[in-house]
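Welcome! Take a look at the model below, and then let's walk through it together.

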Amino acid sequence: MDKSKNVLKLNKIKEILIIGSCFMLFFILGDGNLCYLKSTIGLPCPGCGLTRAYLSLLNGNFKKAFHFHPLFFIPLIVVVIVLLNFQPFLEFAIIKKIYLNKIFWICIVVLFVILYIIRMILFFPNIEPMKFNEDNILFDLIKNVFL
Ligand SMILES: [Zn+2]
C-alpha cells in the first residue's frame with residue numbers, strides 16, 4: 001500500500017473522530033439525552049435504547065439488553081468492519097468486500113426500520129425505550145412562544 005492511500009485512511013479516521021466529538025459535545029451540552037430526535041421533537045428514533053442495551057450487556061444482563069434494543073449487536077459489527085477497513089496498517093479483503101457491499105448496508109437499514117415500526121406499534125408512547133419525551137425542545141419552544 002502506498003503512502004497516499006495511508007494519508008487518505010488517516011483523514012477518514014480524523015473525520016470519524018471529529019463527528020464523534022460533535023456527538024459527545026451535543027450530549028454534554030444537551031439535557032443528557034443521547035438521542036437527537038427524542039431531545040428535539042420527543043419521538044424515539046430507530047437507535048433508541050442502544051446505549052441502555054450496551055450498559056445492560058456490560059452488567060451481564062443479556063435479556064435486558066435485548067429488551068432495550070434487539071439489534072444491539074449490529075452496530076458492534078459495523079464498528080468492527082469500519083475500523084478494520086479504515087485502519088492504515090493491514091488490509092483484509094473480506095472486510096473491504098463487506099464494506100463496499102451496498103446490499104449489506106441496505107439490509108442493516110431495512111432491519112432497523114422494520115424493528116422501529118414494530119417497536120413503535122408495541123411500545124410507543126409509554127414503554128421505555130420508545131417512550132415519548134415531553135421535555136423536548138420543540139414543546140418548550142411552542143410553550144414559550146405561543147402559550
Ligand atoms: Zn434515539
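## Terms and ground rules

A residue counts as buried if 20 or more other C-beta atoms lie within 10 Å of its own, as exposed if 12 or fewer do, and as partly exposed in between, with C-beta atoms placed from the backbone. Glycine 47 is partly exposed because 19 other C-beta atoms lie within 10 Å.

What you see is a predicted model, in which local features need pLDDT of at least 70 and side-chain atom pairs count only at pLDDT 80 or more, while totals for chains, interfaces and linings use all residues. Residues are numbered from 1 along each chain as its sequence is written.

## Confidence

The predictor's confidence in each residue is given as pLDDT, from 0 to 100. The protein has a mean pLDDT of 87, with 91% of its residues at 70 or more. Where pLDDT is low, the predicted coordinates should not be read in detail.

## Overall build

How many helices and strands does the protein have? There are eight helices and zero strands, where helices (H or I, at least four residues) and strands (E, at least two) are DSSP runs numbered from the N terminus. Along the sequence the pattern reads α-α-α-α-α-α-α-α.

The C-alpha trace spans about 60 × 35 × 30 Å along its principal axes. The radius of gyration of the protein is 19 Å, whereas a compact globule of 147 residues would have one near 15 Å; this radius is taken over C-alpha atoms, and the globule rule is 2.2 Å times the number of residues to the power 0.38. Buried residues make up 10% of the 147 residues.

## The core and helix H3

Which residues make up the largest nonpolar core? They are Leu50, Ala53, Ala65, Phe68 and Phe72, five in all. Helix H3 (50–58) and helix H4 (62–68) each supply at least two residues of this core. A nonpolar core here is a set of buried Ala, Val, Leu, Ile, Met, Phe, Trp, Tyr and Cys residues joined through C-beta atoms within 7 Å.

In H3, the buried residues are Leu50, Ala53 and Ser56. Seen down the helix axis, the buried residues of H3 fall within an arc of 120°, so they line one face of the helix; the arc is that of the directions from the helix axis to the C-beta atoms. An α-helix has 3.6 residues a turn, so residues three or four places apart point the same way. The buried residues of H3 pack against H4 and helix H5 (73–86). Leucine 50 is in contact with His69, Phe72 and Pro75, leaving aside neighbours within four places in sequence; contact means C-beta atoms, placed from the backbone, within 7 Å. Just after H3, glycine 60 takes a positive phi of about 80°.

Glycine 47 lies in the loop between helix H2 (36–40) and H3. Glycine 47 and leucine 115 are 68 residues apart in sequence, yet 9.9 Å apart from C-alpha to C-alpha.

Finally, look at the loop between H7 and helix H8 (137–146), where proline 125 has its place. Proline 129 lies in the loop between H7 and H8 too. The peptide bond from phenylalanine 124 to proline 125 is cis, with omega near 5°. The bond from glutamate 128 to proline 129 is also cis, with omega near 5°.

Conventions: Two residues are in contact if their C-beta atoms, placed from the backbone, lie within 7 Å.
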